[in-house]
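Here is a short walk through a structure of several chains. Keep the 3D view open as you read.

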Amino acid sequence: MNASTNINIKKKDVFKKRSGKNILLQRLSRNKIAYVSLCFLILVHILVFIGPLVWKVSPTGLQDAGALANWSLQHPMGTDDLGRDVFSRMLYGGRITLIVGLAAMLFALLIGTIIGACAGFFRGYVETVLMRFTEAMMAIPNFFFVLVALTVLGTSPIMVVIVIALSGWMEIARVVYGETLKWKEYEFVEAANASGATSIRILTKYIIPQIIPSIIVSGTLTIAAAILTESAISYLGMGIQPPTPTWGNMLQDSQQYIWTAPILGVLPGAAITIVVLAYNFLGDGLRDALDPRFVKK
Amino acid sequence: MLKFLINRFGQSIILLLIVTVITFFLINLAPGGPSSTMRMDASPEERQAMVEKLGLDQPVIVRYASWLKGAFSGDLGTSFTSNEPVVQRIAERLPYTIELTIFTIIISIIIGIPIGILSAIKRGSVPDHIINFFSVVGLSVPAFWLGLMLILLFSINLGWLPSSGVGARGVDFNLWGWISHLIMPVLILTTTILPNIVRFTRSSMLEVISQNYIRTIRAKGAKESIVIYIHALRNALIPIITIIGVLIPRLLSGAVITEAIFGWTGIGTLILEAARGRDYPLVMGITIVITIVVILCNLIVDIVYSRVDPRVKNV
Amino acid sequence: MNKKIIITIIGIMGILFLNACSYGADNTSTTNNDKEEDPQKGGKVSIPIVADPTFNPWHPNAYAESNVVNRVLFSSLTKPGKDLAPSPDLAEEWEVSDDELEWTFFLRDDVLWHDGEKFTADDVAYTFNEIVLNEELGANNSSYFGQLNKVEVVDEYTVKFVLESPVAALPAYLGFNTEILPKHIFEGEDPWNLTSFNKENPIGTGAFKLKTYNSGQSVVLERNEDYYGETALLDEVEYKVLGDANTHVAQILTGELSIFALDDLAAIEKIENADGVDVYARDTTRFFWLILNQEIEKYQDKEVRQAILHAIDRQTIIDTVLKGYATIADSGIAPALQQYYTEDVTRIEYDPDLAKELLKEAGWEDSDGDGILDKDGEPFTIDFEIGIQGDLEAVSQMVQQYLEEIGIKVNLNAMEWNTMIQQVVVERDYEMTLNWWRYPADPDLSAYMHSKNVKGNNIPGYKNEELDKLLDEGAQTSDIEKRQKIYIEAQQLMAEELPYLFLWYPQEAQVRIDKLKGVPDLSFGDALHYINEWYLEE
């Protein structure tokens with residue numbers, strides 16, 4: 001049903017979309033919130049990836065200031081319950097959190113794209129099996145499985161990334177599936193088919209490049225979801241474990257200090273919220289920028 | 001219709017089987033056994049006695065086969081940690097989760113649909129932007145962090161609401177005790193699904209408004225309010241039914257965290273206990289019950305949908 | 001009206017008297033003060049437990065949350081006295097034969113089960129012969145009775161414990177989670193699957209009996225009017241199932257809870273500063289330890305073990321993580337065991353320079369200047385495996401930092417508790433780990449460091465003939481004075497040899513509302529044996 005309506009999109013739109021990312025950025029700049037979010041995210045990434053090179057205090061070392069020290073020049077955000085520099089931990093923790101989000105997103109994109117593209121391209125029983133499987137996975141409250149899996153498989157960063165990715169690829173698969181169905185019908189794909197190109201070549205050379213904008217949108221939203229999931233499992237004590245700091249386990253750690261030093265929980269919580277918010281705004285903005293209805297306005 | 005039901009039923013059984021196989025092997029092949037064999041100071045002899053008692057010395061395949069045989073006759077085994085039937089333990093806890101989720105759904109619908117409609121008919125206006133902004137905020141705030149902040153404010157600083165528990169039940173039951181325990185958990189769970197309802201209602205409404213027949217009605221000179229509330233809304237609400245099916249899994253996932261924050265003794269806290277204690281039969285039981293609940297909800301949604309939407313009536 | 005006036009006068013007199021006392025002697029303990037007041041009957045105390053209990057002390061699933069309930073519902077032959085030495089409970093007195101292989105316990109003849117049946121020697125014999133000694137069942141704590149052959153019924157109210165070899169600690173073991181079960185209910189049943197008892201309707205002999213139980217919510221006990229000791233003053237004892245430690249704090253501040261032992265000390269300041277609640281430091285028979293796997297050659301060197309302990313600033317960890325609620329440990333025998341504890345041992349002080357020197361003597365030196373010690377080209381790295389529970393993660397992160405300061409690279413790996421047990425305790429696949437032991441009020445630590453237990457709870461796998469000999473002698477000597485000498489010698493040896501790197505003896509932070517009186521100056525768990533003396537002040 002979806003496919004038939006999609007085919008009605010005029011050729012003119014197609015060429016607009018194909019003419020590149022510049023237009024995307026241009027449209028994005030018209031959406032103020034999304035634009036601000038993008039700038040903010042770039043700033044945060046610079047801060048957490050380059051910041052530790054400048055701010056050389058160890059995130060795990062015990063500071064002379066002792067535990068729960070107040071904000072000062074030496075420790076701009078004070079020290080935590082064990083006497084470690086909170087600012088340094090926020091930077092390193094942010095780095096791990098963002099890397100986990102990014103890695104989980106990439107992995108989820110890989111799974112989602114393969115499944116979605118194969119289902120859309122090959123049709124037939126491949127489509128039935130893959131899409132039914134995707135729907136089934138969507139129907140299951142995946143958090144239950146995430147918990148069971150992490151309890152028994154352990155909480156190494158790689159395992160956390162894999163489990164988060166396995167719980168979050170379904171939406172991507174659906175988007176890619178829909179797009180593949182649409183693009184498969186275009187003449188240039190049919191032409192390639194007629195000229196005897198292999199299926200894999202058609203998929204990778206002709207179809208997937210067309211879907212990239214949609215994948216970027218899904219990816220952006222998936223990062224947001226992955227960061228949230230990471231922090232949620234950390235809250236339950238099943239995420240990445242200390243001494244590696246992440247915003248999630250810093251937040252979990254601070255819980256017991258909710259009575260005596262609530263600020264320890266406010267900082268990582270606020271950081272997670274703002275970053276996730278920015279990714280969500282950016283994702284929404286990108287989607288609007290890609291939406292033909294939006295362009296007409 | 002019948003063919004459709006049989007088809008769906010068959011698929012559900014296959015799904016259930018896959019879920020049980022994955023879960024069973026996952027938990028059984030992991031290092032570490034059930035808590036009952038794993039006390040820190042248990043002697044090797046005590047451990048061995050427990051392993052044999054629980055039948056854990058048998059191969060995993062044999063255990064799975066006997067579990068499956070029991071499951072088909074409705075016997076989900078005995079919990080390792082309490083020696084009570086798994087069915088009984090789940091039955092004790094499930095009502096609390098249902099209570100929590102039903103309140104959340106009702107409140108989310110009552111608030112979410114009008115807001116979504118408002119946002120759609122005032123598309124591009126300031127209220128629309130504000131609603132959109134807060135929808136994204138709602139999707140972005142970690143529920144447990146918000147929960148902690150609420151506890152900090154309402155329980156610790158103001159002392160208005162209890163920070164934990166389900167309130168007294170049975171003879172000691174009192175209305176305020178019950179409501180005061182419900183407020184924060186329902187609020188938190190609502191923030192996890194309300195944005196979805198708002199956004200879905202908005203897009204569903206926009207879809208309908210742009211349809212030709214609405215334009216026709218408008219062109220005939222009908223009053224705008226009549227157009228919106230009588231014609232558009234009726235048709236926009238139908239797809240909203242489907243989102244309930246999508247939201248059930250999300251709601252149950254959210255319930256795990258919410259229950260953990262507020263010590264709500266539902267199925268979410270039970271799965272945490274079960275997973276941590278390696279209570280294999282209980283983990284299996286909860287998994288299967290949750291999957292069945294979700295499948296049933298989706299089935300009901302499909303049936304209702306096919307009844308109310310004239311376009312899919314003849315499927 | 002008259003009554004009110006009288007009560008008021010008594011109250012005022014009480015307050016005056018209290019003041020007089022506190023002027024007279026500053027160190028009079030609170031309980032002594034309390035006794036001057038007139039204990040009132042009535043009221044309810046609320047105690048938090050973290051999970052549903054199992055009403056069977058021997059059940060393998062009966063953890064800490066069950067122990068605090070079972071101790072009140074049931075009774076054992078002895079109980080820890082207020083000086084922690086075994087004192088009478090179901091047994092009025094006991095004697096040991098000259099060869100120390102037969103212990104005779106004389107039981108009370110006035111004890112009734114909660115269902116009205118008479119308690120007799122048969123119940124004791126049944127509990128031990130059929131449950132504890134039945135190896136197939138693997139009962140909790142049954143390892144304490146490894147030397148027990150059988151329990152004989154001498155007459156209706158006399159039992160005889162027949163041992164394989166002498167166990168001086170027997171009376172102490174009989175008061176540590178070893179409550180007696182009713183034979184008339186258990187006979188012929190599978191004791192672990194008798195859910196009607198273990199989960200629904202327990203029948204004990206304790207000062208309180210079960211009133212209601214709601215899974216996941218609460219257990220309510222009511223006063224047992226037929227209790228053989230002093231009838232309890234409280235009407236009810238309520239155990240609330242509350243998994244989250246923050247909730248415990250919140251509820252004691254609002255008075256919804258009455259008393260508990262605070263595990264997580266982060267919130268201690270808040271409680272100390274609050275009105276109507278106080279924190280009491282109580283000694284317990286526990287010690288925290290760090291161990292180095294003795295299978296690995298480099299840790300068999302005593303100097304290396306000492307060096308590592310020298311590198312750790314234990315006082316700072318105690319102040320930071322435990323908020324001061326612990327004292328530095330030199331050996332495994334805790335100060336709570338006043339009869340046996342000695343300070344006259346070599347203390348390993350915090351001295352990172354000495355640590356480096358000792359390691360240098362053992363051949364570990366930073367020869368390539370990368371900041372990490374090495375020997376024969378191999379860097380000094382330690383894999384540090386810990387389970388996630390309570391303070392362990394926080395403590396181990398600090399230990400890691402202290403060791404890195406002297407040039408040892410530590411890879412900390414925190415894992416889920418059951419995984420840790422499997423890997424560390426069962427498979428012994430670890431290099432260094434950190435944990436704690438809690439033991440009955442007796443100095444016999446054979447289970448943890450005797451070489452015969454290297455497959456059991458001697459987790460470091462430590463073997464030392466001299467220590468074995470002392471532990472054997474101590475375990476078999478009932479004469480207190482001789483025993484004291486043996487254990488003082490054992491402590492000196494432990495402090496020097498460090499089979500475990502002894503960290504500290506944690507104190508319990510007992511949180512209690514001021515209205516609750518009559519609680520003896522014991523750890524929370526031990527004070528529960530005296531719950532019949534507790535009362536609430538208006």
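The text below goes from one interface to the other, then to chain C.

This is a predicted model, in which local features need pLDDT of at least 70, side-chain atom pairs count only at pLDDT 80 or more, and totals for chains, interfaces and linings use all residues. Residues are numbered from 1 along each chain as its sequence is written, chains are lettered from A and ligands numbered from 1 in the order in which they are written, and side-chain values use heavy atoms, without hydrogens and water.

Start where chain B meets chain A. The contact (heavy atoms within 4.5 Å) takes 42 residues from chain B and 41 residues from chain A. The two chains bury about 3700 Å² between them, 78% of it on carbon and sulfur atoms. Buried area is the accessible area (1.4 Å probe) that two parts lose on being put together, summed over both. One salt bridge (a side-chain nitrogen of Lys or Arg within 4 Å of a carboxyl oxygen of Asp or Glu) is counted between chain B and chain A. Asp284(A) and Arg199(B) meet in a salt bridge through their side chains, at 2.1 Å, N to O. Several helices of chain B give two or more residues to the side that touches chain A, among them helix 1 (2-29) and helix 7 (175-209). Helices here are DSSP runs (H or I, at least four residues), and strands are runs of E (at least two), numbered from the N terminus. Helix 9 of chain B gives the largest share of that side, seven residues.

Now turn to chain C. Here 37 residues of chain B are in contact with 45 residues of chain C. About 3200 Å² is buried between chain B and chain C, 48% of it on carbon and sulfur atoms. On the side of chain B, Arg39(B), Met40(B) and Glu46(B) lose the most area to chain C, together 22% of what that side buries. Two salt bridges cross this interface. Arg278(B) and Glu416(C) meet in a salt bridge through their side chains, at 2.7 Å, N to O. Helix 2 of chain B gives the most, with six residues.

Last, look within chain C. Val153(C) lies in strand 6 (residues 148-155) of chain C. Leaving aside neighbours within four places in sequence, Val153(C) is in contact with Ala121(C), Asp122(C), Ala125(C) and Thr158(C).
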